[in-house]
Amino acid sequence: MTTTPRLAFTAAVLLFAAYAHAAPAVADDAGPSAPPGTAPSAAAPVRVDPTDPDLKLPEGATLAGAKVLDIKSVVEDQSGDERREDTNADVTFALQAEVLFGKDSAELGGAAKARVSVIVEEIRKQHATRVRVFGFTDDLGSAAHGDVLSRKRADAVQAVLDQDLDDPGVTFDVRGYGEQYPIADNSTEAGRKKNRRVEVSFPRTGP
């Protein structure tokens, strides 16, 4: 029984990505656009030796510029009430509005504050000095009301984070986006529930 050398497989993968004229890849599960200021900043690209004979480029072909692909890991609890998303550059927690607030309310109860406080430990672990807190709603009701409610909810979450962190070196970017930037279909209640959320994100600096 013969086996294909692992190096050849690696070369084939690099070759596939190497052509400068290749079309850009499109993810099968492409999500909606992200709020401004949240685009990841990938680490330095891995150096590739264009003279490596294992690449075996066709005559006349050249390597495109090296690029680091952002690796994303998403963990959602069974109920869907909380989601954590990790990329090369950032950590994002998304909490469903129902587990934090009453209907059409921006008041946090004791249990809700405890949920928010858990995020504080991760902020400290990453030594983050800038934290974004963004509020979102579904598309029911007026857009103006959604903008105000989402901002009030983001403010409430930020206040708990600020109190628990007790660190003047941490700055917050707090915004209410209302029904903008949905992550699910607003035509169903299950989708609207996902869209009613507060997201807390910060740069990743540790493992």
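Two strands are said to pair if DSSP finds at least two bridges between them. Helices (H or I, at least four residues) and strands (E, at least two) are DSSP runs, numbered from the N terminus. The model is a predicted one, in which local features need pLDDT of at least 70 and side-chain atom pairs count only at pLDDT 80 or more, while totals for chains, interfaces and linings use all residues. Residues are numbered from 1 along each chain as its sequence is written, and side-chain values use heavy atoms, with hydrogens and water left out.

The sheet comes first. Six strands make up an open sheet of mixed pairing, in the order E1-E2-E3-E6-E4-E5. Strand E1 (73-76) and strand E5 (171-176) are at the edges; each has a single partner strand, so one side of each is left without a neighbour in the sheet. On average, and with direction ignored, neighbouring strands of this sheet are turned by 15° against each other.

Strand E6 (197-203) stands between E3 and E4 in the sheet order. Strand E3 (residues 90-96) runs antiparallel to E6 and is joined to E6 by seven bridges. In this pairing Thr 92 stands opposite Ser 201 in E6. With strand E4 (residues 130-136), E6 pairs over five bridges, again in the antiparallel sense. Here Phe 134 stands opposite Glu 199, and Phe 136 has Arg 197 as its bridge partner in E6. Burial is judged by relative accessible area: buried means under 20%, exposed over 50%, and partly exposed in between (1.4 Å probe, protein chains only). Six of the seven residues of E6 are buried, so the strand is largely enclosed by the rest of the structure.

Contact here means heavy atoms within 4.5 Å. Axes are lines fitted to C-alpha atoms, for helices over the stretch in contact, and angles run from 0 to 180 degrees between N-to-C directions. Helix H3 (residues 143-165) lies across E4, E5 and E6, and runs at about 160° to E5.

How do helices H2 and H3 cross? Two packed helices are described by the angle between their axes and the distance between the axes. The axes of helix H2 (residues 110-125) and H3 come within 9 Å and cross at roughly 55°. Angles under 35 degrees count as roughly parallel, over 145 as roughly antiparallel, 65 to 115 as roughly perpendicular and the rest as oblique; H2 and H3 are therefore oblique to each other. Their crossing is right-handed, a term used if the near helix is turned clockwise from the far one by less than a right angle, with left-handed used if anticlockwise. Among the residues of H2 that meet H3 are Val 116, Ile 119, Val 120 and Ile 123, and the H3 side includes Val 157, Val 160, Leu 161 and Leu 165.

The charged side chains remain. A salt bridge is a side-chain nitrogen of Lys or Arg within 4 Å of a carboxyl oxygen of Asp or Glu. The structure holds 16 salt bridges. In one of them, Arg 204 pairs with Asp 86, with the closest N and O atoms 2.1 Å apart. This pair links distant parts of the chain, 118 residues apart: Arg 204 is in the segment after E6, and Asp 86 is in strand E2 (residues 82-86). Asp 86 is buried, at a relative accessible area of 13%.

Asp 155 is partly exposed at 32% relative accessibility, and Arg 151 is partly exposed at 38%.

A further salt bridge joins Glu 199 to Arg 197, with 2.8 Å between the closest N and O atoms. Both Glu 199 and Arg 197 are buried. Elsewhere, salt bridges that share partners join Glu 98, Asp 138, Glu 189, Arg 192 and Arg 196 into one network. Of these, Arg 192 is placed in helix H4 (residues 189-195) and is buried at 15% relative accessibility.
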